[in-house]
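Subject: Structure handover

Hello,

Here is the structure I promised to pass on. Please open it alongside this note; what turned up follows below.

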Amino acid sequence: MSANRERVVLARNPSVPTQISPEQKFWKGFTSSQLVKEHNAITHIHFDPNSPHDFAVTSSTRIQVFSSKTRKVVKNFTRFKDTVYCGEFRNDGKLLVAGDASGLVQIFDAHHPRTLLVTITPSSHPTHITKFHPTINTQMLTCSDDRVARLYDISQSQKPIITFNNHDDYIRAGVFIPSSPNLIATGCYDNYLRIFDTRVGGSDPIIKFNQQSPVEDLLSTNSTNILSAGEGVVKHWDMVAGKLSKTLHNFNKTVTCLSSAGERGILVGSVDGHVKAFDTSTPNWDVKFGWKFGSGVLSCGVSPDFKHLVVGLNSGLLTIRTRKNANENINSTNNKQKNDKSHAFARMIRGAEFKGEGEHHIVDEKVKYKKLKPFEKDLNAFRWSDALNSALEEGIEREATVTCLEELKKKGKIRVALANRDETSLEPLLTWCLKSLDDPRNVNIITDYIVCILEMYDDLISRKPVLEEIVLSLQKRVEVEIRKAQDAERIIGMLELLSA
């Protein structure tokens, strides 16, 4: 009984190891993009700290709350008479605060947009910063263009608890220091970052850092460090040592927003249209990923559960990117398919998927054989020269050609396949070698065939101008590749010297 001849296994080049790090793979997962067009620039984005982490988008004279599940607007806060700034949730998600260009600060019930609870007028100048205290629910910080920051108790909102003066220009950034309930940081257009302690009053800051440019935004990652953004620079300050720790020069234009990404690092947005993810666990805070948008970025943020990445542009465009879990999608799809089948259907097909026990031998009579390629047929029929010609035809994959050449070499039939050839039959092989020489993985097999051709057809090549020109081109290409290899060795040596 005869057996089927096994097919020739295609020569697969070793796959190059992936250069994508786990961090890059994570940020690339935000693929499902949704664009929402607003009338004016998106000045602020804030996520509800509580599940399901809906997010508030501040633009023009309204604040819209988008659902984290459907990515659609579920609430509208429109009781503003002027441009509104900095709509933020309280840490329990029950209240929402915002200030506007008239200086008015309003606190709403986050679940009922029409319910206005508290109204405060700290200044007649625009109030750009309104933030609830992260641990004390009754305290709130406001920063206005009258160069004064104020700390309020919303239960007694007639006058502030403490007033923080000593600013020489507009205050456009303010944050509470986490794990330090008494520390407040403000960023001012007079180029200074100030740290105040509510226990000693607000007349003078306890720490003062010089940003050397107007401070656009602040971000405090822990109780000892704080980040400030100004112009195209982000600076990291150590409050314990009282000095600058790191400086990030990764942007060409003004950095407008800083956002925490938890254990994943920080997100930084700039007017140049870039949002970059920095890994704070590395010594130099390397950039792990980035996005480019069509206009300047004014606000950005990622949800606490890392499901949504939201970016607001100065063109009024809101970009919502969602990260999907492939395993969850597969499981949900399988469950849906199983649930769609009724019990009657299950009873009908019961046993249809039975494949037999170990003692059963099931023979599948419908065996499908893949069609052999022309060079495989020639190899099976011992037509070595025809197999080489078939592998060099137009439209044949390079891997298939390499497979045929390797098979002829393995069987020791290179000279037999090259025998009795003329100019017309030698030219395709030499041309293929010339085109494939730039891939170092093919150098060994090309060398074997070129050496045999030069030994067998030296006289023919010298008499045929076309073949001679191809061989000269091969010689020049080999010299170029040798110079590239030498340059690469020199560069490796220099890098090893620098890293030593």
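Asn191 is partly exposed, because its relative accessible area of 24% falls between the 20% and 50% cut-offs. Keep in mind that this is a predicted model. Asn191 sits in the loop between strand S15 (183-188) and strand S16 (192-197). Its phi is near 80°, a positive value in a residue other than glycine. Most residues other than glycine have a negative phi, and most peptide bonds are trans.

Two other spots deserve a look on backbone grounds. Trp285 is not a glycine either, yet has a positive phi of about 55°. Trp285 is in the loop between strand S24 (274-278) and strand S25 (287-292). With a relative accessible area of 8%, Trp285 is buried. Then there is Pro52, which a cis peptide bond joins to Ser51, with omega about 10°. Pro52 belongs to the loop between strand S2 (42-47) and strand S3 (55-59).

Next, the charged pairs. How many salt bridges does the structure hold? The count is 17. A few of them follow.

- Arg194 and Asp190 meet through their side chains, 2.7 Å from N to O. Arg194 counts as buried at 0% relative accessibility. Asp190 is buried too, with a relative accessible area of 13%.
- Asp92 pairs with Arg90, and the closest N and O atoms are 2.7 Å apart. Arg90 is buried, at a relative accessible area of 11%. Asp92 is partly exposed, at 24%.
- Asp487 and Arg490 form a salt bridge at 2.7 Å, N to O. Both lie in helix H11, three residues apart, which is about one turn of the helix. Asp487 is partly exposed, with a relative accessible area of 40%.
- Asp378, Arg383 and Asp386 are linked in a network of salt bridges.

Helix H11 spans residues 465-499 and also holds Leu498. Is Leu498 buried or exposed? Leu498 counts as exposed, because its relative accessibility of 73% is over the 50% cut-off. Leu498 is part of a nonpolar patch on the surface, together with Ile491, Met494 and Leu495. The four residues have about 450 Å² of accessible area together.

Now the helix packing. Two packed helices are described by the angle between their axes and the distance between the axes. Helix H6 (residues 398-410) packs against helix H8 (residues 423-436) at an angle of about 120°, and their axes are 13 Å apart. The crossing of H6 past H8 is left-handed.

One last contact to check. Phe375 and Cys404 are 29 residues apart in sequence. How far apart are Phe375 and Cys404 in space, C-alpha to C-alpha? The distance is 7.1 Å. Phe375 is placed in helix H4 (residues 374-380). Phe375 is buried, because its relative accessible area of 3% is under the 20% cut-off.

Over to you.

Best wishes

Definitions and conventions. Residues are numbered from 1 along each chain as its sequence is written. This is a predicted model: local features need pLDDT of at least 70, side-chain atom pairs count only at pLDDT 80 or more; totals for chains, interfaces and linings use all residues. Side-chain values use heavy atoms; hydrogens and water are left out. Patches are made of residues with over 30% relative accessible area and no salt bridge: like charges are joined within 9 Å, nonpolar side chains (Val, Leu, Ile, Met, Phe, Trp, Tyr) within 5 Å. Accessible areas come from the Shrake-Rupley method with a 1.4 Å probe; for residues, only the protein chains shown count as cover. Helices (H or I, at least four residues) and strands (E, at least two) are DSSP runs, numbered from the N terminus. Buried means under 20% relative accessible area, exposed over 50%, partly exposed in between (1.4 Å probe, protein chains only). Axes are lines fitted to C-alpha atoms, for helices over the stretch in contact, and angles run from 0 to 180 degrees between N-to-C directions. A crossing is left-handed if the near helix is turned anticlockwise from the far one by less than a right angle, and right-handed if clockwise.
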